[in-house]
Amino acid sequence: MEIGRGAEAVITCDGETVQKSRPAKSYRQPQLDQRIRTERTLREARITSEARRLGVTTPIIRDVSRFDLKMEKIEGEKLKDVISPHLSRMVGEMVGKLHRGGIIHGDLTTSNMIFCRDRICLIDFGLSYYEKTVEAQGVDVHVYFQTLESTHDRPGELMEAFADGYIKTNPQAEAVLQRVKEIKARGRYL
Ligand SMILES: Nc1ncnc2c1ncn2[C@@H]1O[C@H](COP(=O)(O)OP(=O)(O)O)[C@@H](O)[C@H]1O
Ligand SMILES: [Mg+2]
(Lines give C-alpha, C1' and ligand atoms only; values in the text may rest on other atoms or scores of the structure.)
(Ligands and ions follow the chains in the order given, each with its own letter.)
Protein backbone atom coordinates (compact mmCIF):
# COMPACT_ATOMS: atom_id res chain seq x y z
CA MET A 1 0.00 0.00 0.00
CA GLU A 2 1.37 3.40 -0.94
CA ILE A 3 1.36 5.75 2.06
CA GLY A 4 3.36 8.67 0.80
CA ARG A 5 5.05 10.25 -2.15
CA GLY A 6 7.47 13.11 -1.80
CA ALA A 7 9.57 15.01 -4.31
CA GLU A 8 11.90 12.07 -4.84
CA ALA A 9 10.70 9.05 -2.89
CA VAL A 10 7.74 6.67 -2.91
CA ILE A 11 6.77 5.20 0.46
CA THR A 12 4.92 1.90 0.62
CA CYS A 13 3.90 -0.10 3.62
CA ASP A 14 3.69 -3.86 4.08
CA GLY A 15 2.66 -4.86 7.59
CA GLU A 16 5.23 -3.48 10.00
CA THR A 17 7.75 -2.56 7.32
CA VAL A 18 7.95 0.63 5.31
CA GLN A 19 9.79 0.69 2.01
CA LYS A 20 11.23 3.96 0.76
CA SER A 21 12.14 3.80 -2.92
CA ARG A 22 13.79 6.41 -5.05
CA PRO A 23 12.51 5.94 -8.62
CA ALA A 24 14.46 7.23 -11.63
CA LYS A 25 14.10 10.90 -12.49
CA SER A 26 14.00 11.28 -16.25
CA TYR A 27 15.04 14.95 -16.16
CA ARG A 28 18.49 13.98 -14.83
CA GLN A 29 21.29 12.54 -16.89
CA PRO A 30 20.94 8.75 -16.17
CA GLN A 31 24.36 8.11 -14.62
CA LEU A 32 24.12 11.19 -12.43
CA ASP A 33 20.56 10.20 -11.49
CA GLN A 34 21.66 6.73 -10.39
CA ARG A 35 24.53 8.15 -8.39
CA ILE A 36 22.29 10.62 -6.54
CA ARG A 37 19.65 7.98 -5.75
CA THR A 38 22.18 5.47 -4.48
CA GLU A 39 24.07 8.03 -2.47
CA ARG A 40 20.94 9.32 -0.73
CA THR A 41 19.69 5.81 -0.03
CA LEU A 42 22.96 4.62 1.52
CA ARG A 43 23.42 7.87 3.40
CA GLU A 44 19.92 7.60 4.80
CA ALA A 45 20.49 4.00 5.94
CA ARG A 46 23.85 4.76 7.53
CA ILE A 47 22.95 7.98 9.32
CA THR A 48 19.51 6.77 10.49
CA SER A 49 21.33 3.98 12.37
CA GLU A 50 24.12 6.27 13.55
CA ALA A 51 21.59 8.73 15.02
CA ARG A 52 19.96 5.86 16.88
CA ARG A 53 23.29 5.04 18.51
CA LEU A 54 23.43 8.65 19.73
CA GLY A 55 20.15 8.13 21.57
CA VAL A 56 17.85 9.73 18.98
CA THR A 57 14.75 7.66 18.22
CA THR A 58 14.77 6.61 14.55
CA PRO A 59 13.24 3.66 12.66
CA ILE A 60 15.26 0.43 12.69
CA ILE A 61 16.75 -0.13 9.24
CA ARG A 62 15.90 -3.63 8.04
CA ASP A 63 17.39 -3.77 4.57
CA VAL A 64 19.08 -1.56 2.04
CA SER A 65 19.79 -1.93 -1.67
CA ARG A 66 20.84 0.60 -4.29
CA PHE A 67 17.58 2.54 -4.56
CA ASP A 68 15.43 1.08 -1.78
CA LEU A 69 15.39 1.14 1.96
CA LYS A 70 13.27 -1.08 4.23
CA MET A 71 12.68 0.10 7.76
CA GLU A 72 10.49 -0.26 10.81
CA LYS A 73 7.08 1.33 10.44
CA ILE A 74 6.51 4.01 13.08
CA GLU A 75 2.87 4.23 14.12
CA GLY A 76 1.97 7.65 15.33
CA GLU A 77 1.05 11.19 14.45
CA LYS A 78 3.05 13.54 12.31
CA LEU A 79 4.47 16.15 14.65
CA LYS A 80 3.09 18.76 12.26
CA ASP A 81 -0.43 17.85 13.47
CA VAL A 82 0.20 17.68 17.22
CA ILE A 83 3.02 20.15 17.96
CA SER A 84 2.95 21.94 21.34
CA PRO A 85 5.56 23.74 23.46
CA HIS A 86 6.14 20.50 25.40
CA LEU A 87 6.82 18.56 22.17
CA SER A 88 8.95 21.35 20.72
CA ARG A 89 11.14 21.17 23.84
CA MET A 90 11.55 17.43 23.17
CA VAL A 91 12.52 18.27 19.58
CA GLY A 92 15.15 20.63 20.98
CA GLU A 93 16.65 17.92 23.20
CA MET A 94 16.63 15.47 20.30
CA VAL A 95 18.26 17.84 17.80
CA GLY A 96 20.84 18.82 20.45
CA LYS A 97 21.85 15.16 20.84
CA LEU A 98 22.11 14.75 17.09
CA HIS A 99 24.27 17.87 16.74
CA ARG A 100 26.45 17.01 19.72
CA GLY A 101 27.13 13.70 17.99
CA GLY A 102 28.21 15.46 14.79
CA ILE A 103 25.17 14.86 12.58
CA ILE A 104 23.28 17.52 10.61
CA HIS A 105 19.82 16.30 9.55
CA GLY A 106 19.42 18.59 6.54
CA ASP A 107 15.60 18.75 6.46
CA LEU A 108 14.34 19.37 9.99
CA THR A 109 10.64 19.91 9.36
CA THR A 110 7.74 18.79 11.53
CA SER A 111 6.71 16.47 8.65
CA ASN A 112 9.89 14.47 9.25
CA MET A 113 9.06 13.78 12.88
CA ILE A 114 6.50 11.24 14.16
CA PHE A 115 5.15 11.32 17.71
CA CYS A 116 4.93 7.76 18.94
CA ARG A 117 4.57 6.35 22.45
CA ASP A 118 5.74 9.51 24.23
CA ARG A 119 8.76 9.83 21.99
CA ILE A 120 9.59 11.76 18.88
CA CYS A 121 10.93 9.63 16.06
CA LEU A 122 13.09 11.39 13.47
CA ILE A 123 12.95 10.18 9.84
CA ASP A 124 14.08 11.21 6.33
CA PHE A 125 17.89 11.31 6.66
CA GLY A 126 18.50 11.37 2.88
CA LEU A 127 20.07 14.85 3.03
CA SER A 128 21.95 14.40 6.29
CA TYR A 129 25.73 14.63 6.73
CA TYR A 130 28.51 14.78 9.29
CA GLU A 131 29.57 18.23 10.44
CA LYS A 132 29.98 19.97 13.81
CA THR A 133 30.25 23.65 12.86
CA VAL A 134 28.06 26.33 14.44
CA GLU A 135 27.07 27.41 10.92
CA ALA A 136 25.79 23.96 9.82
CA GLN A 137 23.94 23.45 13.10
CA GLY A 138 22.52 26.97 12.80
CA VAL A 139 21.15 26.33 9.32
CA ASP A 140 19.58 23.06 10.55
CA VAL A 141 17.80 24.87 13.41
CA HIS A 142 16.85 27.72 11.08
CA VAL A 143 14.99 25.26 8.83
CA TYR A 144 13.03 23.97 11.85
CA PHE A 145 12.17 27.53 12.94
CA GLN A 146 11.03 28.37 9.41
CA THR A 147 8.61 25.41 9.39
CA LEU A 148 7.21 26.61 12.70
CA GLU A 149 6.72 30.11 11.28
CA SER A 150 5.06 28.96 8.08
CA THR A 151 2.86 26.15 9.35
CA HIS A 152 2.04 26.69 13.02
CA ASP A 153 0.22 29.25 15.14
CA ARG A 154 2.26 31.07 17.76
CA PRO A 155 5.69 30.00 16.52
CA GLY A 156 7.40 32.18 19.14
CA GLU A 157 6.61 29.97 22.10
CA LEU A 158 7.46 26.84 20.11
CA MET A 159 10.88 28.31 19.28
CA GLU A 160 11.54 29.25 22.90
CA ALA A 161 10.58 25.77 24.05
CA PHE A 162 12.90 24.28 21.40
CA ALA A 163 15.77 26.46 22.67
CA ASP A 164 15.18 25.31 26.29
CA GLY A 165 15.57 21.69 25.22
CA TYR A 166 18.43 22.31 22.80
CA ILE A 167 20.54 24.06 25.45
CA LYS A 168 20.33 20.97 27.64
CA THR A 169 21.97 18.64 25.14
CA ASN A 170 24.20 20.67 22.82
CA PRO A 171 27.23 22.26 24.57
CA GLN A 172 27.54 24.92 21.83
CA ALA A 173 23.81 25.72 21.80
CA GLU A 174 24.20 29.39 22.79
CA ALA A 175 26.48 30.08 19.83
CA VAL A 176 24.17 28.16 17.49
CA LEU A 177 21.03 30.03 18.61
CA GLN A 178 22.87 33.34 18.14
CA ARG A 179 23.87 32.21 14.65
CA VAL A 180 20.25 31.31 13.83
CA LYS A 181 19.30 34.97 14.42
CA GLU A 182 22.09 36.07 12.08
CA ILE A 183 21.04 33.56 9.41
CA LYS A 184 17.49 34.85 9.61
CA ALA A 185 18.65 38.46 9.24
CA ARG A 186 20.91 37.47 6.32
CA GLY A 187 17.94 35.86 4.55
CA ARG A 188 15.93 39.01 4.93
CA TYR A 189 18.52 41.38 3.48
CA LEU A 190 19.97 39.24 0.70
N1 LIG B 1 9.41 4.57 8.96
C2 LIG B 1 8.25 5.19 8.72
N3 LIG B 1 7.16 4.89 9.46
C4 LIG B 1 5.99 5.52 9.22
N5 LIG B 1 5.79 6.45 8.28
C6 LIG B 1 6.83 6.79 7.50
C7 LIG B 1 8.12 6.19 7.68
N8 LIG B 1 8.96 6.71 6.76
C9 LIG B 1 8.24 7.61 6.07
N10 LIG B 1 6.96 7.67 6.49
C11 LIG B 1 5.87 8.52 5.97
O12 LIG B 1 6.14 8.89 4.62
C13 LIG B 1 6.34 10.30 4.49
C14 LIG B 1 7.47 10.59 3.51
O15 LIG B 1 8.68 9.96 3.96
P16 LIG B 1 10.04 10.73 3.99
O17 LIG B 1 11.12 9.80 4.44
O18 LIG B 1 9.88 12.00 4.76
O19 LIG B 1 10.29 11.01 2.44
P20 LIG B 1 10.41 12.35 1.58
O21 LIG B 1 11.88 12.43 1.28
O22 LIG B 1 9.58 12.09 0.38
O23 LIG B 1 9.93 13.51 2.41
C24 LIG B 1 6.65 10.78 5.91
O25 LIG B 1 6.29 12.12 6.10
C26 LIG B 1 5.82 9.82 6.75
O27 LIG B 1 4.48 10.25 6.82
MG1 LIG C 1 10.14 13.98 4.39
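The largest nonpolar core holds 36 residues, of which M94, I120, L122 and F162 touch the most other members. A nonpolar core is here a set of buried Ala, Val, Leu, Ile, Met, Phe, Trp, Tyr and Cys residues joined through C-beta atoms within 7 Å. The model is predicted: local features need pLDDT of at least 70, side-chain atom pairs count only at pLDDT 80 or more, and totals for chains, interfaces and linings use all residues. Residues are numbered from 1 along each chain as its sequence is written, while chains are lettered from A and ligands numbered from 1 in the order in which they are written.

Two or more residues of this core come from each of α1 (30–53), α3 (85–100), β7 (103–104), β8 (113–116), β9 (119–122), α4 (134–151), α5 (155–169) and α6 (173–189). Helices (H or I, at least four residues) and strands (E, at least two) are DSSP runs, numbered from the N terminus. The most is given by α5, with six residues. Domain 1 (2–72) and domain 2 (77–189) each contribute at least three residues to this core. Among its members, I120 touches T57, L79, L87, M90, V91, M94, M113 and F115, not counting residues up to four places away in sequence. Contact requires C-beta atoms, placed from the backbone, within 7 Å.

The protein is assigned two domains, domain 1 (2–72) and domain 2 (77–189). These bounds come from an automatic or database domain assignment. The C-alpha centres of domain 1 and domain 2 lie 22 Å apart. The contact between them takes 13 residues from domain 1 and 13 residues from domain 2. On the side of domain 1 that touches domain 2, five residues are nonpolar, four polar and four charged. In this classification Ala, Val, Leu, Ile, Met, Phe, Trp, Tyr, Cys and Pro count as nonpolar, Asp, Glu, Lys and Arg as charged, and the others, Gly among them, as polar.

Two strands pair if DSSP finds at least two bridges between them. Strand β1 pairs with β2 (residues 10–14) in the antiparallel sense over three bridges. G4 has I11 of β2 as its bridge partner. A hairpin of four residues joins β1 to β2. Strands β2 and β3 run antiparallel and are joined by five bridges. T12 is partnered by Q19 of β3, and I11 by K20 of β3. The hairpin between β2 and β3 has two residues between the strands, and G15 in the turn has a positive phi of about 60°.

Strand β3 also runs antiparallel to β5, with five bridges. T17 stands opposite E72 in β5, and K20 has L69 of β5 as its bridge partner. The covered face of β3 carries V18 and K20, whereas T17, Q19 and S21 lie on the uncovered one. Three bridges join β5 to the antiparallel strand β4 (residues 61–64). I61 stands opposite M71 in β5. Strands β4 and β5 form a hairpin with three residues between them.

An open sheet of three strands has the order β6-β8-β9, with antiparallel pairing. β6 (77–78) and β9 stand at the edges with a single partner strand each, so one side of each is left without a neighbour in the sheet. Two bridges link β6 to β8 in the antiparallel sense. The bridge partner of K78 in β8 is I114.

Helix α2 (residues 79–82) includes D81. D81 is exposed, with 9 other C-beta atoms within 10 Å. The C-alpha atoms of D81 and L177 are separated by 25 Å, and the two residues lie 96 residues apart along the chain.

Technical notes
A residue is buried if 20 or more other C-beta atoms lie within 10 Å of its own, exposed if 12 or fewer, and partly exposed in between; C-beta atoms are placed from the backbone. Two residues are in contact if their C-beta atoms, placed from the backbone, lie within 7 Å.
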